[in-house]
Structure formats: structure tokens, C-alpha cells
Amino acid sequence: MTSSAPAASVRFLEFWREAAALLEAAAERPLPSRIAGAAAAFSGARFSAVFLREKEGWVRAAYAGEGGEEVLSLPDPSPQAVLYDRGALWVPLETEGEVHGFLGLSGLADEDYSDFGRSLGLLFGTLLGASRLSRLVKEAEFEVKTRLLELESLYDLGLSLAGQLDLPRLADEVLFRSVSLTDARRGTLVLFDETGSPILQRSLGEELFPSEAVFCWNLPEGEAVVNNEAATVPTCGVSFFRCEKCLAVAISVAGRRLGVLAVADKESRDGSVLDFTPADARLLSLFANQAAAAIETARLHREAIEKERIERELELAAAIQREILPRSLPRVPGVELAAANLPTRQVGGDYYDLFPLSGGRLGFLVADVSGKGVPAALLVSTVHAAVHLQIDEAETIEELVVRIDRHLQRYAAARKFLTLFFGLLEPDSGLLRYVSAGHNPALLVQNGSVQSLQSTGVPIGIVPNARWKEQTVTIHSGDLLCVYTDGLTEAVNESEEEFGIQRLSAIVGGASREPVQALCEAALSAVADFARGMPQYDDQTVLIVRRT
Amino acid sequence: MSDTCKVSAERRGDVALLWTDGYINNQGGEEIAREAYAQLESGAKALVLNLEKTRIVNSIGISILIEVLEKVMDRKGVLAFSNLTPTIDKTFRIMGLAQYAAIYPTLEEALQAVSREPPRP
């Protein structure tokens, strides 16, 4: 007994040493192949095969030697212990009762291989078990790292999108991370405006669906929809282009649909397409939520910038207009003067001016140019310059208006025009000459009755070579002339009713003996009372001339 | 952006430069592995993967890159990456690729580094 133990130990060591040498000799080959080679060399078998469990069952993973018909396939049922059967030795490769594979050897003599087989089974089973365990550990570690990457990506995406106001870059960031972290092969993101018109589409690979078709998709709010059966959105049946499985989510803010994010065909290492999982759906929903918040922020930022731009423009226009409108009214013997201007949107296209002329005469005008903001202010500026340049050159106001018209036709932008009332009053005689180029009827109050001075031609700047007819009327002492723009008469209240010329006539006709400045203010105040806070979109200008 | 990754290679002595263009997924990873293994078979000791034109990589692509890295290390070689986007850089660090393969901001820096690198024992 005492002498046999060392002998067994020595045999065991030699067995392991020899097996280790055989395995190490082909270190670059995969383990099953090395086991097959070492087992054949070690046993003297003509052919050896290693069977491993795959999805479809036990399959021959490696072999060594020639021939081997006896071990082409594993016996059914698979052997539970070392088995010699019809020239083939079958060895379960196991550790701790778990079978990791089978070794098949052929070309061996008909002997008792029980001990030898168990030794091979233990050695190679241990190796396969260790290898499998190592692989499982690696896979688990990879899985943990992947989950960590998802968390980090969500965090990074939040940070990145918080400062991202460029919509295409923002969309790429969301799309790429969504495709990447769901292992999808392709993806598409579409954003649209309130009417459903696509404003942006980004795709990785060929687009998944027509961008025009997404607005009506009945996707649930904040929840991704998986379809692993067919590449359609199950809630509406819209087909995706050339893919097998899809995952889609709506990008929404407070029930308002901003877009759709979809990915397709989850990849596997072997090239097949896997089902999207509930975890994929949750991840895509989280990305969509972050995208929605960022897109909304970007939109609000764009609107703020636009608002700021408009305000700057209006301030500039207002500055131009402030320089053009008279800072004070001239004192002209025999005449009382008052004027008021109430711009909307900070500035508009109304202009009035007064010119003390030779012989005690008074020139005055009220004009309303087309458009708003800076373009209108620039046109007013052009008219202002033209009037001041031409007023001393023109023989008559008819000629003056023609000169202004020709100046605008030549220098102003296309489709710009204005209406204008120009009056020339001789206070001594009360003779008023005037031209009204498409302007609202001026109101002449004489002895409490109101008379309209109608337009005498088309607006300025519209018709080439247009002419205007000068009219005359006598203003008696105490008579009052009110020239205004349509901002007063076309002011509307909440019922969309206009203030109208009758109300204005009643004001100026009923209080024609009031101080002219008070009358101006009363007219504007009456319009404001009538409108009751409704926003008005046109300037209001009124000029009143009374002969004393 | 295309979902198909193209890989091109240039050999400078023992160093093989691989340029990727597109999504490193299963297809892209396989393209890289095919070219990398061909370079190793023909004697390359170091591989530099320049990802300047790649903006997206998924876990399948990463697992293939890990296989390439293991193959390079089995052969006592060196693998380096250059021109990664910040997102891919972080991905490689989290997934453990950066533990055994250096990441450089530029191709030139990667080339200088792998040229200096002594062969692994």
C-alpha cells in the first residue's frame, strides 16, 4: 500500500505534465481545438473531436486527426460516463457535476479506458469550465460597463443638450446616442412645426420613414413603442423602409408633438437582428424626453433672439422718426397750431411737418407711408428730405407733390408708396391751397358744420408720371382744419368695429372752439377709449390748424 | 450619414495605420478586424486606428475592437487610437479599451508614441 501511492502520484503528475505540454504547444489556437489535438496525441487516437453546447444543441466545435466516422456525431442520448462503444471512446468533459462538453476519440484498441477517460474528462472539463467561467465573467463585466455607459450617456446628453441651441447638432447628438446605445443599425429623427410640416430630418443610414408621414402617428405620450414582429409603427401601421424590427417614440412637450425618434434592427455579434427589449424602449423614451426639453429650450431661445432683433429695429426706427418729426411747432401769426403723434410698435410710417414760408404763409403736411418699422422710417426719412429740398424750388404745391413723387420713384425701394395731404395757407386772406394724394379726407369745420376735403389724386410712388390737382378753399376766422391719418379712423375695438370718420367729425365739430392742443388730445383719447385696450397696428397722427 | 463603415489602411514599416469612415457596428467592426488581422499576418507590430471620420460606435463594434486588441496583445503588439470624438473617447474609457490601448488626440502623436513603444515581453 505504501509503495503504490507514490507510483500513482508520479503517473498522475506525468499525465498532467504531458497534457500541459501538448496544450501549450499550440497556444495560439482556440481551446477546443487544442483539447482535440492534445487528446489525440495523448491517447494515440487516430481522430478526436470536441463537442460543445450551442443554441441548437451539442455541436462539433473542433477536431484533430483523420477519418473519425465513429465520432462524427454525439450518441443520443449523450453518455453520462466514460463510454467505449463500437470503436469510439466518449468522455464527458465535466467539473463539479456540470458537463461542459464531450470528447470523442476513435481508432483506439478495445481496452478498458475507464480511469484514462475519467482523467481526460477531469483535465479537459476543468479547462473548459474555467474558460467558460472566464467568458461569462467577461460578458458580465461587459454588460455592467454597457449599463454604466448608458447612465453616463444620459448624464452627458443632458449636459450637452442643455447648452445646445443649434437644432441640427442637437438632433444628431440625440440620434447617434439612441442608435448607439440600443445597438440599432439605423435610426431617424424628424422634427416638425405646429402644422406638421417637417423642419428637420436626420438619419443614420437610409431614412426609416418619409418625414411627411410622421405628424399623424398616434404614438403614446412619452412611451416608446416596440415592434419586433414587423417594421411598422403598430399604433398606425406606417411602414418603415427596409428593416425588420423597430422602436419609435414621440418627442413631445406638454402634449405638443415636436417630432419622432425611431431606431431599427438591433444588431447581434453573429449578424442576426435581435428583438428590442423593454430596456431599449425605456432608454429611447428617456432620450426623447431630454431631446424634447432641449428642442423646446432652443425654440424659446430663437424666439427671444428674434424678439430682441425686432425691438432693436424698432428702437432704431423710433430714433429716426424722433429726429424727423418737429420738436416744436412754429409760431405763425393768424394761426393756431397743434399736432400729436401716437406711434404703434414704437414706430410706424406717419409723418407730419410744418413750414413757415415767405409772405407769412404756412405750409403743412400729414403723410402716411406704407409698411412698418425701419423700412417705413427710412421711407419717411426720404420723404422728409425730398420735401425740405423741394419746397423752395417748387412754384406750386402741385409741382411740389410731383417732385416728391419723382424723387421717390427714382430712389425709394419698389412697392413703396405714401398718402399725403399738403396744405398751403395764406393767413391774411384765409386761402388754403391743398393737394391730397390718396389721403384720408381732411375735416374742415366751419360754423359747427364739418366738410370733407376729398383726395385729389392717387397715392405718391405708385403710378409713373402721375399728376395731382390743386384745390382751394377759404378758411374763415374761427374755422378749423383737421388733418389726420387712418390710424385714428381705422382703430378697432374688441368687436372689430372701426372708430370711423363720423366719430372723429363729431369730436372736432362739437368742440371747435376748444384750444387746438386739447382738441388733438381729445381725439386721441376718444380713440383710446373706443379701442378699450385692443392692440392697434397703425400709427395715429392728427394735425389741427385754426385761423384766428 | 451612412451606416456603412469603410476602412482603409496604410503601412509605415512595422506600423499599420487604419482609417475608419462611418458607424463602427457589427459590419464596421468586422471590416476593421479583417484589415487589422491582415496587417498582423503581414508582420505589423503596431496598429493605429484613426477614427477621425467616425462619430458613432455601438457595443457590438466595441466587442470586436476588444477581440482585435486581444489578438494584438497575444502577438505582443501595440494598438492605439487617435482622433476620437469626446463621446467615443469616453465610451472607450468606460468599456475598458483604453486600459490596454492608448488614446491620442492626433494621428501624429499616436504614430510617434507607437514608434517609440518597445515590443511587449
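Select A:Glu143 and A:Arg147 to begin, and you will find their side chains joined in a salt bridge with N to O at 2.1 Å, the term salt bridge being used for a side-chain nitrogen of Lys or Arg within 4 Å of a carboxyl oxygen of Asp or Glu. This is a predicted model, in which local features need pLDDT of at least 70 and side-chain atom pairs count only at pLDDT 80 or more, while totals for chains, interfaces and linings use all residues; side-chain values use heavy atoms, with hydrogens and water left out. Residues are numbered from 1 along each chain as its sequence is written, and chains are lettered from A and ligands numbered from 1 in the order in which they are written.

**Along helix H3 of chain A**

Because A:Glu143 and A:Arg147 are 4 residues apart in helix H3 of chain A, about one helical turn separates them; helices here are DSSP runs of H or I with at least four residues, strands are runs of E with at least two, and both are numbered from the N terminus. A:Glu143 is partly exposed at a relative accessible area of 40%, and A:Arg147 is partly exposed at 35%, where buried means under 20% relative accessible area, exposed over 50%, and partly exposed in between, with a 1.4 Å probe and protein chains only.

A:Glu150, with 14% relative accessibility, counts as buried.

**On to helix H5 of chain A**

Next select A:Arg299 and A:Glu303, which form a salt bridge whose closest N and O atoms are 2.5 Å apart. They lie 4 residues apart in helix H5 (residues 278-324) of chain A, which means about one helical turn between them, and A:Glu303 counts as partly exposed at 44% relative accessibility. Over all chains, the structure holds 34 salt bridges.

**Where the two chains meet**

Which residues does B:Thr91 touch, not counting those up to four places away in sequence? The residues are A:Leu149, B:Val57 and B:Ile62, a contact being heavy atoms within 4.5 Å. B:Thr91 itself lies in helix H3 of chain B and counts as buried at 8% relative accessibility.

For another place to look, select A:Asp270, in the loop between strand E10 (256-267) and strand E11 (273-274) of chain A. A:Asp270 counts as exposed at 56% relative accessibility, and, with residues up to four places away in sequence left out, it touches A:Lys55 and B:Asn26.

**Inside chain A**

Move to A:Ser106 in strand E5 (residues 98-106) of chain A; this residue is buried, with a relative accessible area of 0%. Leaving aside its neighbours within four places in sequence, A:Ser106 is in contact with residues including A:Phe47, A:Glu70 and A:Gly87.

**A patch on the surface**

Finally, select A:Phe417, A:Val458, A:Ile462 and A:Val463, which form a nonpolar patch on the surface with about 280 Å² of accessible area together. Patches are made of residues with over 30% relative accessible area and no salt bridge, like charges being joined within 9 Å and nonpolar side chains (Val, Leu, Ile, Met, Phe, Trp, Tyr) within 5 Å; accessible areas come from the Shrake-Rupley method with a 1.4 Å probe, and for residues only the protein chains shown count as cover. A:Phe417 is in the loop between helix H7 (397-411) and strand E15 (418-426) of chain A, and is partly exposed with a relative accessible area of 31%.

**Stepping back to whole chains**

With chain A selected, you have 10 helices and 21 strands in view, and buried residues make up 49% of its 548 residues. Chain B has 5 helices and 5 strands, which run β-β-α-β-α-β-α-α-β-α from the N terminus on, and 52% of its 121 residues are buried.
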